[in-house]
Amino acid sequence: MITIHINDKAYQVENDQTIMQAADKLGFHIPRLCYHPKLSIEGACRVCIVEVVGMRNYVASCAYPVSEGMKIYTNSEEIRRARRDIVELILDNHPEDCHTCERDGNCELQRLAFAMGIRKRHFEGEKKHYEKDLSSTSVIRDPNKCILCGRCVRICSEIQKVNALGYAHRGFKTVVMPAYNMPFKDSVCTTCGQCINVCPTAAFVEKNFTQELFGKLGDRSLIKVAQIAPSVRAAIGEAFALEPGRQFEKELVAALRKLGFDHVFDTQFSADLTIMEEASEFLERFQGRGKLPMITSCSSAWMKCLEQFHPDLIENVSTCKSPMSMASALIKSYFADKIKADPKKILSVAFMCCTAKKYEASRPELMVEGIQSTDMVITTRELAWMIKSAGIDLLHIKGEEFDHPLGYSSGAGTIFGVTGGVMEAAIRTAYELYTGETLLDIEIQEIRGLKGVKEGKLVIDGKEIRIAVAHGLGNANEILNTVRKDPERYHFVEIMGCPGGCIGGGGQPYAGSNSMPLDEECLMKRAEALYGLDRNKTIRRSHENPDVQRLYKEFLGRPLGPMSHKLLHTHYKAKEPRGIIPSELTVK
Amino acid sequence: MPKRFNITLCDGPSCMHKNSKEIVAAIEAQLKKHELSDHVGINLSGCLGMCARGPVMIINPGYSIYGDFTEKDIPEIIEQHIKKNKPIARFIIDEDHLYNRFFRVFGDVNFFGKQMRIALRNCGIIDPENIDDYISLRGYEALAKVLTDIAPEKVIGQIKKSGLRGRGGAGFPTGIKWELTAREKSDEKFVICNADEGDPGAFMDRSAIEGDPHTIVEGMAIAGYAIGAQKGIVYIRAEYPLAVKRIKKAIADARKEGFLGQNILGTGFSFDIEVRLGAGAFVCGEETALMLSIEGHRGMPRPRPPFPSVSGLFGRPTLINNVETLANIPVIILDGAQWFSSLGTEKSKGTKVFALAGKIKNTGLVEVPMGTTLRQIIYNIGGGIPGDKQFKAVQTGGPSGGCLSEEYLDTKIDYESLAAAGSIMGSGGMIVIDEDSCMVNIAKFFLEFTQNESCGKCTPCREGTKRMLEILTRITEGKGSQEDIDKLLRLGNMIKKASLCGLGQSAPNPVLSTIKNFRAEYEEHVRDKRCRAGVCRHLLVYEITDKCVGCSACKKACPAEAISGALKQKHLIDVNKCVKCGACFKICKFGAIKKS
C-alpha cells in the first residue's frame with residue numbers, strides 16, 4: 001500500500017495501478033472517453049487528464065501509474081478548464097445534429113459535454129466531411145461522427161483480431177477506415193458489430209430496417225411472421241432504462257403481435273432443431289464418418305471469419321444452418337404448407353441480438369426454393385425503438401405465448417444465447433442419442449462463465465469426449481491454432497463471434513449511463529436471465545421438445561435425412577480476404 | 001624539390017623569449033649533420049596559441065606538436081622523428097588533438113575556425129565509404145578499448161560522467177538512459193539509432209551519416225555492449241538515399257572487418273545492425289511512434305510509462321539514441337569523460353550541431369561548444385544578415401521551437417537557457433528571420449507544418465492546432481480580433497500541457513513565443529489591420545502616387561479591373577475591387593505604386 005493525495009486529501013491505495021483505477025475505487029470518477037477497461041490504453045482523447053504536482057504537463061490518468069507520495073488534482077480550476085476545452089474541441093469537429101442522431105440520449109460524448117458544463121463554444125471552425133459508408137449489409141460507418149477515440153480499431157484488432165479498421169491520413173484529416181478505404185462490404189469486416197457496441201457516438205451504427213418494416217407491417221397482402229432470438233429477451237429491458245438481468249419473453253411476444261405480426265415464433269425452437277441435427281452430425285463424425293473436431297456454425301460473424309481467415313478448417317465446421325436460418329427455411333416451407341400460403345407472400349422477420357445476422361440473411365446459400373428465407377433482420381436496439389415508437393408499453397404489457405408449430409422450446413434452446421450454451425445443449429442430446437440414457441447432471445459448469453477459452457471433458461459410454469468453447473473471434477483464433485497444431489486435442493468446439501456469446505452481440509442495447517459497453521457484470525446478468533429461463537422449464541433437452549418431434553414425424557423424417565439436408569444444412573466457401581491479413585493468421 | 005618533412009616553429013613573443021632563434025640554429029645544424037637539409041623545410045609561424053607549453057613546433061606530416069623542449073633535445077628529435085620517423089611521445093602535446101586535427105584542414109577558414117567539431121570530427125576529412133580511412137583516424141579504437149578493457153557498467157559510468165545529453169531534442173542524460181536499459185533483465189534488447197530527421201531545413205543527422213557513417217556503427221556497438229543488446233537498428237528516412245547507402249556500406253564493411261557480427265574482435269561479444277527505412281512521417285521521430293513503425297504499424301505515439309528502456313521494440317528493453325548523440329560516444333571513450341565534460345556549460349556538456357538557415361550569410365552546418373551565444377553563431381560564424389537588413393528573430397529547435405527576439409541574442413546555447421527563453425534546443429534547427437518577415441505569418445507557417453504532421457491521435461494536437469491555425473489565418477487576413485489573441489494563448493497553453501507526445505507539447509511554441517516576444521505585431525494585425533513587414537497580402541493597401549504618368553500598364557495588368565484613369569492622366573485604384581495581387585506594383589516602370 002502507498003499513500004497518494006487526491007485533491008489535498010491523503011489516501012492509502014494499492015501500488016501497481018493507474019491513477020484512474022485508484023481514483024475509481026476511491027469514488028472519484030475522472031471523466032474519460034477513449035478509455036475502455038477491456039481494451040489497451042490509448043491515451044488519445046486526453047479527457048482524463050489530471051494535474052500531478054512536480055510534472056511539467058498534465059498526465060492522462062488512464063495511463064499513468066500511482067506512486068508513493070503522489071499529489072494529484074482531478075478537479076482544479078485549471079484542469080477543469082483544460083478538460084472542458086478538450087471536449088469543446090471534439091464538439092467543434094462533430095456534427096451538431098444530436099436530435100436527429102441515432103445515439104441521441106445514448107451518446108457518451110453528449111453526456112460528457114453535459115457533465116463538463118459546456119454552455120458556450122469558443123473555437124468553432126471547419127468540420128470534417130466524409131461520405132457515409134452504406135455498403136455493408138450490417139454496419140454503417142459515418143466518419144463525420146467519429147471522434148477518433150480508437151475503441152473500434154482496438155476492439156477489432158485486440159478482442160476480435162479481425163483488423164478490419166485502422167487509421168489513415170494525418171492531422172485534422174485523420175480518419176478511421178478499412179484498408180485502402182474500400183467499401184465496408186468488401187473489407188475483412190465480419191459484421192460482428194462490436195465497433196457499434198464500443199463506439200461512444202454514432203460513428204458506427206447498424207443498418208436500420210425499422211422504417212421499411214413499419215411500411216411492410218401495414219401491407220395487408222403479406223403474412224407477417226416473426227422470430228425472436230434468446231438474447232433479445234435477456235437484454236431488451238436495458239433499452240428501457242432497466243437494470244440488466246430481467247427477461248421479457250412473453251412481453252415481447254405480446255409486443256410483436258401488437259406491432260402487427262400474425263405469427264410469432266421462437267428462434268429457440270429452431271435452436272432445439274439445430275441441436276437435433278448438430279448432435280447427430282457430431283455423433284456421425286465421432287463414429288468415424290467425418291472430420292474431427294467438429295466446430296459449431298451458429299454465429300454469422302464466425303462464418304465470415306471462417307471463410308476469410310480459416311478456410312483450411314471449413315471441413316471441420318458443422319454444416320448446420322444457424323437457428324435463425326433453420327426457422328426461416330421452415331417458415332417458408334413447412335409452415336407455408338401448413339397455412340396453405342404462398343411463401344412469396346410471407347414476410348419473415350428475425351429479431352436478433354446481432355448485426356451479423358443481417359449479413360447472414362443475405363447469403364445466397366441460404367435461399368429456399370429461390371427466395372430469401374429471412375427477409376429482414378432487426379436488432380434488439382431497433383426493436384426497442386420500434387416498440388417505443390409504436391407506443392407499446394413493454395414494461396406493463398400482459399405477456400402472451402408463442403405460436404405453434406415453431407414456438408415451443410426446451411431449456412436447451414434458451415441457453416444458445418450464452419457462450420457455451422450450444423455445446424451444453426448439444427451434449428444434453430448427444431449423450432442420450434448415443435447411450436440411450438438420459439443425462440441427469442445437465443448443467444456443465446466448466447463451459448459456463450466468461451473465460452475466453454474454456455475446456456471440458458465428459459465421458460459418454462466409456463469414451464472420453466474433449467470439448468472447448470471460445471467466445472469472441474480473438475479467442476476463437478487461439479482455439480483454432482490449437483486445433484491446427486494438435487487436431488486430436490478436441491472432439492467438439494463451440495465458437496461464438498461475440499464476447500459472451502449472443503448476449504454480447506453487436507445489436508444489443510447500448511450501455512447505460514453508468515456502465516461501459518461489454519461490462520462483464522452486465523453480460524453475466526444477461527446470461528443469468530437465460531439460465532433462469534432454462535432452470536424453470538420442465539423440458540430442458542432439445543430432443544424432448546414435442547414440437548420438434550412432431551416436425552420430424554410430419555415433415556423432416558429424421559435428423560440428417562434428405563429433407564434436413566435440403567432445408568437445414570448449408571456449405572462454406574473459402575474467400576480471399578481483402579485488405580490486411582492479420583499477421584498471426586496464415587491462410588493456406 | 002618536395003620536402004619530406006616540414007617543421008613549423010612558433011615565432012610568437014612567448015616562444016621567442018624561450019630561445020626560438022637558438023632552436024632554429026640547432027635544428028639546421030642537426031639537419032646538416034644528417035644530410036637532411038634538402039628534405040626538411042623550416043618555417044616560422046605566428047603565435048600558435050599554446051604559449052604555456054612553449055617553445056612549440058609542429059612537425060608535418062603527422063601534425064605532431066612538440067612543446068616543453070630545449071635546444072638540447074633537438075638532436076634527439078631530429079634523430080628519432082625525422083630520421084627514423086618515430087615521434088617522441090614525451091614532448092608531444094596531445095590534450096586537444098581532436099581540435100587540432102580538424103584545425104589543420106579547415107582551421108584557416110573563419111567559418112570553421114570558430115567551431116569545434118566532435119560529432120562531425122571526421123566529416124569532410126575521411127572518405128566515408130572507406131573503412132580504412134576511418135580506422136586510420138582512431139576508428140573502432142574506442143570499441144576495441146571497451147570490449148577488451150572496460151566493463152559495461154564502467155562504460156555507462158563514463159558516459160554518465162561525461163554529462164552527454166540526448167541530442168534529439170529532449171536532452172535526457174544519455175548515461176542514465178543507458179543505465180536504465182542495462183538494468184532491465186531480458187533475453188533480447190535493442191539499440192536503435194534514431195535517424196528519422198524530420199524538421200524542415202534540418203540536415204544534421206543526414207550529414208553526420210553521409211560524412212562519417214562508421215562513427216554511428218561504432219557508437220551503437222559500444223552502446224550494445226554497455227546495455228547488453230545483441231541487435232541494433234538504424235531507423236532512417238527513405239528520403240536520404242545517400243545516407244542509407246553509406247550506412248549500409250559501413251555496416252557491411254564493419255561486419256567484414258569483424259567490428260560487427262559474432263564474436264567481435266574475438267572478445268565473445270556479438271552485435272549486429274540492420275537498417276529500417278521510415279516513410280517520412282514527422283511523428284516517427286518520436287520514440288514510441290518510431291518503434292511502432294519498425295514493428296510494421298502506423299507510427300503513432302503511445303503513452304509512457306512504460307518507457308522504451310522497460311518495454312520498447314517488440315516489448316523488449318530498448319535504447320533509442322539520436323545520430324548526433326551516438327557520434328559523440330567514441331570520442332568520450334577515447335578522450336575521456338573528463339575532457340568531454342570540460343566543454344560546454346554546467347548542465348549541457350560538449351558541443352551541438354546546428355543547421356543554420358534563413359536570412360543569414362553563411363547557411364550550413366555548424367558545431368559549436370554548448371554555451372556559445374546565439375549572437376556568436378549568427379554574427380561570427382553565420383556572418384550576419386545579408387543585405388544589411390535588421391535582425392528580427394531567431395527560431396531554434398525546428399518547427400516546434402520558439403522565436404526569440406533580439407534581446408535574447410546573448411542567450412547561451414544550452415538546454416535550460418533556451419527553455420527559459422521560451423524556445424527549445426530541439427534537434428538543432430536554427431532559422432534566422434529578418435525585418436522582411438511577418439511574425440504572425442511565420443507562426444502560421446510552422447503551425448501549418450505541425451498540424452499537417454500531427455499523427456491525429458490525441459485531441460489537443462489534432463483539433464487544437466487546427467483551430468489555432470484557423471485563428472492565425474483569420475488574423476493574417478485582417479479578420480482577427482483582440483479576443484483571438486487570447487484564444488491562441490488559451491489553446492496553446494492547453495495543448496502544450498495536455499498533448500500525448502512531444503510533437504503536440506511543443507507545437508504551440510512558435511505561436512506562444514511570437515505572441516510573447518512580438519505581441520505588438522499581432523496587435524497591429526488585429527487592431528490596425530496592418531502588417532509591418534508587408535507580407536500578409538490581405539492587409540496590403542496599393543495606392544498610385546503622383547509619379548504616375550498615365551501609361552495604363554497597371555490598368556491592363558489588373559485582373560480585377562480595379563484601376564481606372566484616362567491615358568496620360570493619373571490612375572486610381574478602387575480599394576474595394578483590389579484583390580491585392582501585386583500585379584500593378586510589379587509592372588509599373590515609374591515606381592508610382594505604393595504598397596503599405
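Helix α14 (residues 323–335) of chain B lies across β5 and β8 of chain B, and runs at about 95° to β8(B). Here helices (H or I, at least four residues) and strands (E, at least two) are DSSP runs, numbered from the N terminus. Axes are lines fitted to C-alpha atoms, for helices over the stretch in contact, with angles from 0 to 180 degrees between N-to-C directions. Residues are in contact if their C-beta atoms, placed from the backbone, lie within 7 Å.

The model is predicted: local features need pLDDT of at least 70 and side-chain atom pairs count only at pLDDT 80 or more, while totals for chains, interfaces and linings use all residues. Residues are numbered from 1 along each chain as its sequence is written, and chains are lettered from A and ligands numbered from 1 in the order in which they are written.

Now to the sheet itself. In chain B, four strands form an open sheet with parallel pairing, in the order β7-β6-β5-β8; two strands pair if DSSP finds at least two bridges between them. β7 (272–278) and β8 (318–322) of chain B each have a single partner strand and stand at the edges, so one side of each is left without a neighbour in the sheet. On average, neighbouring strands of this sheet are turned by 20° against each other, direction ignored. Strand β5 (residues 190–195) of chain B runs parallel to strand β6 (residues 231–237) of chain B, and six bridges join them. One bridge partner to look for is B:Ile233 in β6(B), which pairs with B:Ile192.

Next, the chains meet: 27 residues of chain B are in contact with 30 residues of chain A. On the chain B side, the elements giving two or more residues are α18 (439–453), α19 (459–476) and α20 (482–498) of chain B. Of these, α19(B) gives the most, with eight residues.

Within chain A, the domain assignment (automatic or from a database) gives domain 1 (2–90), domain 2 (139–206) and domain 3 (210–568). The C-alpha centres of domains 2 and 3 of chain A lie 27 Å apart, and their contact takes 16 residues from domain 2 and 22 residues from domain 3. On the domain 2 side, α4 (151–159) and α5 (194–198) of chain A each supply at least two residues, and α5(A) has the largest share, four residues.

Note on methods
Two residues are in contact if their C-beta atoms, placed from the backbone, lie within 7 Å.
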